[in-house]
Amino acid sequence: MSRDVTVVDHPLVRHKLTLMRAGDTGTAEFRQLLREIALLLGYEVLHDLPLTMQMIETPLAPMESPKLEGKKLVLVSILRAGTGLLDGLLDLVPAARVGHIGLYRDPETLEAVEYYFKVPGYLEDRMVVVADPMLATGNSAIAAVARLKEAGAKSIKFLCLLAAPEGVMAFQEAHPGVPIFTAAIDDHLNDHGYIIPGLGDAGDRLYGTK
Ligand code: URA
């Protein structure tokens with residue numbers, strides 16, 4: 001895979017992902033695991049967050065010390081499963097701004113259809129992290145990033161939990177400058193656009209809607 005894909009294969013990530021893949025893991029546990037794994041993935045995806053220096057006083061001496069430029073970061077959830085990752089990312093960076101993009105997959109064509117788009121202003125000045133657990137065909141991710149570029153975003157990263165090789169290739173072709181961060185790249189997509197072996201439908205597993 002190209003250098004623009006980072007597979008975060010820390011043992012804690014791999015362990016939690018195994019629990020999430022297991023079909024008998026229930027909704028509450030699945031949701032909790034996704035939130036926890038988002039912290040670990042977030043640590044990687046946000047490794048180059050901009051910092052500013054600030055004067056502080058320790059109990060013993062004044063010093064100049066780095067702080068996050070909190071308002072610089074925008075986290076964008078691709079509805080609905082992206083919200084499971086978003087919750088963990090917000091635990092890491094509570095001051096981040098948040099955007100939502102509503103996309104569903106047309107069950108016939110597997111194309112992404114947009115039904116909602118609400119993002120913070122001044123995207124051109126911010127780092128944007130787009131979150132969606134499953135990079136399957138890549139259609140939703142490609143459409144979401146295209147809309148964010150239209151809205152002015154210049155610094156974009158894509159964060160998922162699982163990717164299919166087909167989705168990675170399609171995404172990189174559409175958006176070559178946008179790095180992908182994922183916990184694993186699985187084997188293939190089936191005829192219905194599901195990742196194999198995968199973990200099933202992330203939204204259904206997250207919200208118990210099956
Ligand atoms: N979306 C999911 O939730 N799961 C897949 O395997 C593919 C797309």
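Arg80 sits in the loop that runs between strand E4 (73-79) and helix H3 (82-92). Keep in mind that this is a predicted model. The peptide bond joining Leu79 and Arg80 is cis, with omega at about 0 degrees.

There's another cis bond to look at, from Ile196 to Pro197, again with omega near 0 degrees. Pro197 belongs to the loop between strand E14 (195-196) and helix H6 (202-207). Then there's Tyr122: it isn't a glycine, yet its phi is positive, about 55 degrees. You'll find Tyr122 in the loop between strand E6 (112-118) and strand E7 (127-131).

## Around the ligand

So who's around the ligand? Going up the chain, the surrounding residues are Arg105, Met134, Ala136, Gly193, Tyr194, Ile195, Gly200, Asp201 and Ala202. Sort that shell by class and you get 5 nonpolar, 2 polar and 2 charged residues. As for the space the ligand takes up, that is the largest pocket.

A ligand oxygen lies 2.8 Å from one in Ile195, and a ligand nitrogen is 2.8 Å from one in Gly200. With Ala202, the distance from a polar backbone atom to an oxygen of the ligand is 2.7 Å. How much of the ligand's accessible area does the protein cover? On its own the ligand has 240 Å² of accessible area, and the protein covers 89% of that.

## An aromatic pair

The structure holds 2 aromatic pairs. In one of them, the ring centres of Phe158 and Phe171 are 5.2 Å apart and the planes meet at 40 degrees, so the pair counts as tilted. Which parts of the chain does the pair link? Phe158 comes from strand E9 (residues 155-159) and Phe171 from helix H5 (residues 165-174), so-called distant parts of the chain, with the two residues 13 apart.

Methods: Residues numbered from 1 in each chain as written. Predicted model: local features only at pLDDT ≥ 70, side-chain atom pairs only at ≥ 80, totals over all residues. Heavy atoms only, no water. Near = heavy atom within 4 Å. Polar contact = N/O pair within 3.5 Å; in protein donor to acceptor, adjacent residues only side chain to side chain. Areas by Shrake-Rupley, 256 points an atom, 1.4 Å probe, with all protein chains shown as cover. 1 Å grid on protein atoms, 1.4 Å probe; cavity = no way out; pocket = protein on both sides within 12 Å on 5 of 7 lines; lining within 4 Å. Sits in = over half its atoms within 2 Å of the grid points. Nonpolar A, V, L, I, M, F, W, Y, C, P; charged D, E, K, R; others polar. Phe/Tyr/Trp six-rings, centres within 6.5 Å; stacked < 30°, edge-to-face > 60°. Helix = DSSP H or I, 4+ residues; strand = E, 2+ residues; numbered from the N terminus.
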